[in-house]
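Please have the sequence and the 3D view at hand while reading.

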Amino acid sequence: MLFRLRRSRAMRAIAGTLAVPLVAAALSACGTHGAGTTADGRTILRYQGQTGTVTPVELAADLGYFSKVRLQWLGDTTSGPANIQAAATKQVEFGSAFNGAVVKLVAGGAPVTSVLSSYGADELSYTGYFVRDDSGIKTARDLIGKKVGINTLGAHHEFITREWLHQQGLSESEIAQVQFLVLPPNSTEEALRTGQIDVAALGNVFLETAVARGGVHTLYTDKNLFGQFDYGTYVFRKDFIQQHRDAVRDFVQGTARATRWLQVTPHDQVVARLADIIHKRGRNENTNLLKYYRSSGIPVPGAVIADRELQIWIDWLVRNNQLPAGKVVAKNVYTNEFNPYADGTYSPNSGPNGEEVAK
């Protein structure tokens with residue numbers, strides 16, 4: 001559940017979110033020192049979380065999968081693009097965002113590398129784009145001049161919508177007439193039902209509760225667009241990877257194993273563990289959302305990154321004149337070298353400790 005807030009309107013705004021001068025200025029303005037090491041020699045990784053949610057990274061720490069790193073929570077992020085900018089500007093050691101935003105950041109000159117997939121759409125967890133049953137909206141063409149409620153500028157919801165409109169045959173000038181309104185996720189369903197927007201991007205608890213209340217249905221989903229797919233990645237700065245390779249390797253192996261734990265562990269055990277983590281960390285969070293937990297949302301064993309998960313968005317940005325052809329190459333944006341499910345340490349079919357998993 002990545003709940004992100006901001007305001008958006010046109011594609012020109014997306015282009016400006018991660019502009020080169022802003023990134024360069026931020027990089028030069030920020031300090032060069034991280035949070036250091038613990039008394040027992042572990043590298044401290046500062047990070048931003050998501051309220052009410054246990055990330056695979058936090059789960060890995062609770063499961064005891066890290067031996068060389070210690071997490072330091074600095075607060076909760078409000079958006080993926082802001083989270084990876086924080087990593088690029090050395091406010092935190094790592095961040096997570098939609099891969100289109102990662103590509104934009106790299107294209108803007110930020111020296112970051114993706115090391116592990118962080119979220120996606122699987123059979124049980126995905127984002128649905130809902131319309132009211134009485135809206136009369138049946139096709140992509142019906143959205144011309146309409147409003148789509150999304151959660152973050154230049155991220156997953158907007159990219160998916162624009163790609164769906166393109167695949168449905170709308171021209172770029174027609175797509176430009178579809179308006180994007182960014183709303184808090186907990187207000188998006190109400191905005192749809194009261195007619196403030198015509199389409200609502202809903203996932204996780206918000207999707208489940210909207211369906212339960214009735215009167216709405218999906219027009220399209222990210223899962224139907226690309227199938228089961230990894231959509232976001234964790235990024236580290238390149239200099240941090242070079243200087244702390246053992247720490248990054250430990251982060252990746254532990255988080256990959258925690259992701260695999262989510263993929264193969266019975267649902268009730270997962271929910272109980274996540275609830276226990278939330279209670280123990282004492283951040284005054286509501287655990288009621290966990291009753292809507294369905295799956296990790298990551299369909300690939302161990303969250304291994306694939307070229308196509310980045311290339312799709314590179315091609316999208318090139319097609320929309322937001323990125324010069326050839327400027328960014330997918331294989332240069334990420335690495336799987338630290339992932340035990342990619343380097344042969346564990347079989348993709350094995351569990352979090354390399355054990356055989358029953359089909």
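The sections below go from the whole chain to single residues.

## Basis of the model

This is a predicted model, in which local features need pLDDT of at least 70 and side-chain atom pairs count only at pLDDT 80 or more, while totals for chains, interfaces and linings use all residues. Residues are numbered from 1 along each chain as its sequence is written, and side-chain values use heavy atoms, with hydrogens and water left out.

The predictor's confidence in each residue is given as pLDDT, on a scale from 0 to 100. Its average over the chain is 89, and 90% of the residues score at least 70. Over residues 1–32, pLDDT stays under 50. The model has 86 contacts beyond four places in sequence for this stretch, a contact being heavy atoms within 4.5 Å. Where pLDDT is low, the predicted coordinates should not be read in detail.

## The chain as a whole

The chain has 14 helices and 10 strands. These elements are DSSP runs numbered from the N terminus: helices are H or I with at least four residues, and strands are E with at least two.

Of the 359 residues in the chain, 55% are buried. Buried means under 20% relative accessible area, exposed means over 50%, and partly exposed lies in between (1.4 Å probe, protein chains only). Among contacts between residues at least 6 apart in sequence, 80% join residues at least 24 apart.

## Two packed helices

Helix α4 (residues 80–88) packs against helix α5 (residues 99–107) at an angle of about 35°, and their axes are 10 Å apart. Axes are lines fitted to C-alpha atoms, for helices over the stretch in contact, and angles run from 0 to 180 degrees between N-to-C directions. The crossing of α4 and α5 is right-handed. A crossing is right-handed if the near helix is turned clockwise from the far one by less than a right angle, and left-handed if anticlockwise.

On the α4 side, the contact is made by Pro-81, Ile-84, Gln-85 and Ala-88; on the α5 side, by Ala-101, Val-102 and Leu-105. Six of these residues are nonpolar, one is polar and none is charged. In this classification Ala, Val, Leu, Ile, Met, Phe, Trp, Tyr, Cys and Pro count as nonpolar, Asp, Glu, Lys and Arg as charged, and the others, Gly among them, as polar.

## Salt bridges

Side chains of opposite charge can pair when their charged atoms come close. Here a salt bridge is a side-chain nitrogen of Lys or Arg within 4 Å of a carboxyl oxygen of Asp or Glu. The count by this rule is 21 salt bridges.

One of them joins Arg-70 to Asp-40, with the closest N and O atoms 3.8 Å apart. Arg-70 is in strand β2 (residues 69–76) and Asp-40 in the loop between α2 (20–29) and β1 (43–49), 30 residues apart. Arg-70 is partly exposed at 37% relative accessibility, and Asp-40 is exposed at 52%. Another salt bridge pairs Lys-280 with Asp-62 (2.7 Å, N to O). The pair links helix α13 (residues 267–281), which holds Lys-280, to helix α3 (residues 56–63), which holds Asp-62, across 218 residues. Lys-280 is exposed, with a relative accessible area of 53%, whereas Asp-62 is partly exposed, with 22%.

## A buried aspartate

Where is Asp-230 located? Asp-230 is in strand β10 (residues 229–237), and this residue is buried, with a relative accessible area of 0%. Asp-230 and Ser-118 are 112 residues apart in sequence, yet their C-alpha atoms are 7.6 Å apart in space. Leaving aside neighbours within four places in sequence, the residues in contact with Asp-230 include Asn-99, Tyr-119, Ile-298, Ala-303 and Glu-309.

## Positive phi angles

Most residues other than glycine have a negative phi. Ala-303, which is not a glycine, has a positive phi of about 60°. Ala-303 is in the loop between α13 and α14 and counts as buried at 0% relative accessibility.

Asn-321 also has a positive phi, near 60°. Asn-321 lies in the segment after α14 and is exposed, with a relative accessible area of 70%.
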